[in-house]
Amino acid sequence: MTRREHKEFRERIRELIGNRYVRKMREFPQHGTTSTLDHSIRVARMSFWLSKRLPVRFRTQSLVRGAMLHDFYLYDWHKPEEAQPLHGFRHPVTALGNARKHFKLNKVEENVILSHMWPLTLSRVPRCREAVLVCVADKICSLRETTAGIFRAIGSDNKKS
Ligand SMILES: [Fe+2]
Ligand SMILES: [Fe+2]
C-alpha cells in the first residue's frame with residue numbers, strides 16, 4: 001500500500017475503530033493466533049488494496065465499512081458454550097444484526113456482511129462488486145492466517161524434538 005493509500009485507509013476506518021463494540025472483537029480469536037479485530041482489519045485492508053488496483057469503480061467507504069463489520073458476531077467460535085450452532089452458516093446474520101444495532105448501514109454494507117461466506121451460504125449471494133471483493137479478500141486472509149498458524153505449530157514442534 002502506498003503512503004497515501006495507508007493514510008486514506010486509516011481515515012476510512014477511524015470511526016469504526018473508535019467504537020468500543022468493534023474493539024471488543026480484539027477479545028475473540030479468529031484463525032490461529034489472529035483476533036477477529038485483526039482479521040477484520042486485514043480483510044478491509046486487502047479489499048481496499050485490491051479495489052485501488054482493479055479497473056472498476058468501488059464505493060470505497062461502504063467496501064471498507066462492510067469488510068470491517070463482516071465478522072462482527074462477538075463471540076469465540078472455538079468455544080461450544082459461546083458459539084452458536086452452525087457458526088459457519090449463521091454468523092453473517094449475527095454480524096449483520098450486531099452491526100445494525102450499533103451503526104446505520106446502507107444496502108451495500110448489508111450485502112457485504114451477509115454474503116461474505118458465499119458459496120457456503122448458498123442463498124446469500126454477493127449482489128454488488130463490493131460484496132464480491134470482500135468475499136474474495138476474506139478467503140485469501142483466512143487461508144493466510146490458518147496456514148501461518150499451521151506453520152507456527154510445525155515450527156514449535158520441531159523446536160521441541
Ligand atoms: Fe466470517
Ligand atoms: Fe472473515
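Trainee: Which residues is Glu110 in contact with, leaving aside its neighbours within four places in sequence?
Mentor: Leu96 and Leu105. Contact here needs C-beta atoms within 7 Å. Bear in mind that this is a predicted model. Glu110 itself sits in helix H6.

Trainee: What makes Glu110 count as partly exposed?
Mentor: Glu110 has 18 C-beta neighbours inside 10 Å. Buried takes 20 or more and exposed takes 12 or fewer, so with 18 Glu110 lands in between, partly exposed.

Trainee: And how far apart are Glu110 and Glu130?
Mentor: In sequence, 20 residues; in space, 11 Å from C-alpha to C-alpha.

Trainee: Why is H4 called largely enclosed by the rest of the structure?
Mentor: Because eight of its 10 residues are buried. Those are Ser62, Leu63, Val64, Arg65, Gly66, Ala67, Met68 and Leu69.

Trainee: What does H4 pack on, and at what angle?
Mentor: On H6, at about 35°, with the axes 8 Å apart. The crossing is right-handed. From H4, Ser62, Arg65, Gly66, Ala67 and Leu69 meet Val108, Glu109, Val112 and Ile113 of H6.

Trainee: Ala67 is in that list. Where else does Ala67 turn up?
Mentor: In the largest nonpolar core, which has 30 residues; Ala44, Ala67 and Val134 have the most contacts inside it. Elements giving two or more residues to this core are H1, H3, H4, H5, H6 and H7. As for Ala44, beyond its neighbours within four places in sequence, Ala44 is in contact with Ile13, Val64, Ala67 and Met68.

Trainee: How do you know that the length of H1 agrees with its residue count?
Mentor: At 1.5 Å a residue, its 15 residues should span 21 Å, and the end C-alpha atoms are 20 Å apart, so the two agree. H1 does bend, by about 25° at Glu11.

Trainee: What about the backbone of Leu74 and Leu86?
Mentor: Phi of Leu74 is near 60°, and Leu86 has a positive phi of about 55°. They stand out because most residues other than glycine have a negative phi. Leu74 is in the loop between H4 and H5, and Leu86 lies in the loop between H4 and H5 as well.

Trainee: Is Leu86 buried or exposed?
Mentor: Exposed: Leu86 has 8 C-beta neighbours inside 10 Å, and the cut-off is 12 or fewer. Leu74, with 17 other C-beta atoms within 10 Å, is partly exposed.

Trainee: Which peptide bond is cis?
Mentor: The one from Trp118 to Pro119, with omega near 15°. Pro119 is in the loop between H6 and H7.

Notes: Residues numbered from 1 in each chain as written. Chains lettered and ligands numbered in written order. Predicted model: local features only at pLDDT ≥ 70, side-chain atom pairs only at ≥ 80, totals over all residues. Helix = DSSP H or I, 4+ residues; strand = E, 2+ residues; numbered from the N terminus. Expected span 1.5 Å × (residues − 1). Bend = angle between axes of the 7 residues up to and from the residue. Core = buried A, V, L, I, M, F, W, Y, C linked by C-beta atoms within 7 Å. Contact = placed C-beta atoms within 7 Å. Axes fitted to C-alpha atoms, helices over the stretch in contact; angles between N-to-C directions. Left-handed = near helix turned anticlockwise from the far one by under 90°.
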